[in-house]
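Here is a short briefing to read alongside the model. Have the structure open as you go through the points below.

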Amino acid sequence: MTALTLTEALRRRRRRRRLLVRTLLAGAVLAVVAVAVPGLVRLADAVGTMTADATTDDAADAGATDEAADATTTDDPGAGGAGGAQGDAAGGSRPSVLLVNADHALPDDLGAPDLVDLVGTVPVSGSGVQVAAELVEPLRQMLGAAADAGYPGLYVNSGYRSAEDQRELWDTAEDRSLVQPPGHSEHQTGLAVDLADLEPDGASLADSSSGRWLADNAWRYGFILRYPAGKEEVTGIAYEAWHFRYVGPEVAEICQREGLTLEEYAGAA
Ligand SMILES: [Zn+2]
């Protein structure tokens with residue numbers, strides 16, 4: 001608890017410092033200069049992020065911050081390249097994250113993920129469902145906590161997909177609003193899972209309390225609900241209550257607290 005408290009104290013101090021910077025930057029002349037100078041644009045972005053930060057503070061159930069978050073990213077020209085590296089943009093306080101979507105293909109030099117078959121580690125739909133090694137333990141913890149919370153029926157339905165798998169899905173998809181073309185699916189990173197529930201109390205995860213539990217708690221284990229309802233314009237993908245992306249605890253917490261999609265986090269929205 002001490003470490004957490006210290007982290008929180010540091011974060012708050014950082015927020016106050018950024019707020020001060022924002023005040024100093026408030027002039028219109030500086031705003032014009034900021035648009036022209038990449039370094040200052042990044043600073044302005046960091047300051048803009050502060051705005052969203054301040055409005056939501058510790059509210060875990062974000063969503064009301066869309067406008068503020070959008071405002072911080074609309075004039076950001078550089079962030080969110082192929083690797084989605086944005087880490088240093090906000091004064092070094094935000095880790096970079098891999099962004100893969102319709103506009104951002106899997107980087108050629110990414111290499112194959114270190115894959116682990118999930119059988120024997122978590123409830124899974126069958127053998128052959130693999131994910132990147134780094135998220136096996138967080139996934140195990142998340143599904144364990146879900147079971148403890150009363151949702152023992154959750155299991156992993158899909159994980160890693162090869163380029164060939166994705167090609168086949170794309171070629172045969174009836175509704176391409178739910179599928180990305182080959183080279184553009186998060187499933188090819190090994191960092192995404194589709195979850196399902198054996199015992200839904202409603203219909204799909206979108207309507208079940210287990211789905212709500214996941215949406216509310218996945219961030220604690222480093223996952224985010226990647227394609228939320230109401231963010232279709234940003235993600236380019238229809239609401240998927242089942243698709244969770246591992247981004248690590250730090251990024252997941254920021255996205256949850258500020259109501260950001262990965263595109264918004266990476267400044268690519
Ligand atoms: Zn998926």
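**Overall picture**

Contacts between residues 24 or more positions apart make up 64% of those in the protein chain with a separation of 6 or more; two residues are in contact if their C-beta atoms, placed from the backbone, lie within 7 Å. This is a predicted model, in which local features need pLDDT of at least 70, side-chain atom pairs count only at pLDDT 80 or more, and totals for chains, interfaces and linings use all residues. Residues are numbered from 1 along each chain as its sequence is written.

- The protein chain has 10 helices and six strands, where helices (H or I, at least four residues) and strands (E, at least two) are DSSP runs numbered from the N terminus.

- Four strands form an open sheet in the order β3-β4-β6-β5, with antiparallel pairing; two strands pair if DSSP finds at least two bridges between them.
- β3 (154-158) and β5 (223-227) are the edge strands with a single partner each, so one side of each has no neighbour in the sheet.
- From one strand to the next, the twist averages 45 degrees, with axes as lines fitted to C-alpha atoms (for helices over the stretch in contact) and angles running from 0 to 180 degrees between N-to-C directions.
- Strands β4 (residues 192-197) and β6 (residues 240-246) run antiparallel and are joined by three bridges. D194 has H243 in β6 as its bridge partner.

**Helix α7**

- In α7 (residues 209-217), the buried residues are S210, G211 and L214.
- Viewed down the axis of α7, these fall within an arc of 105 degrees, so they line one face of the helix; the arc is that of the directions from the helix axis to the C-beta atoms.
- Their cover includes α5 (136-148), β3, β4 and β6.

**The nonpolar core**

- The largest nonpolar core has 46 residues, of which A218, F223, I224, F244 and C255 touch the most other members. Such a core is a set of buried Ala, Val, Leu, Ile, Met, Phe, Trp, Tyr and Cys residues joined through C-beta atoms within 7 Å.
- Two or more residues each come from α5, β3, β4, β5, β6, α9 (249-258) and α10 (262-265).
- Setting aside residues up to four places away in sequence, A218 touches M142, F223, I224, L225 and F244.

**Around Y265**

- Y265 lies in helix α10 and is buried, with 28 other C-beta atoms within 10 Å.
- Beyond its neighbours within four places in sequence, Y265 is in contact with V97, V251, I254, C255 and L260.
- The C-alpha atoms of Y265 and C255 are separated by 6.8 Å, with the two residues 10 apart along the chain.

Note on methods
Buried ≥ 20, exposed ≤ 12 C-beta atoms within 10 Å, placed from the backbone.
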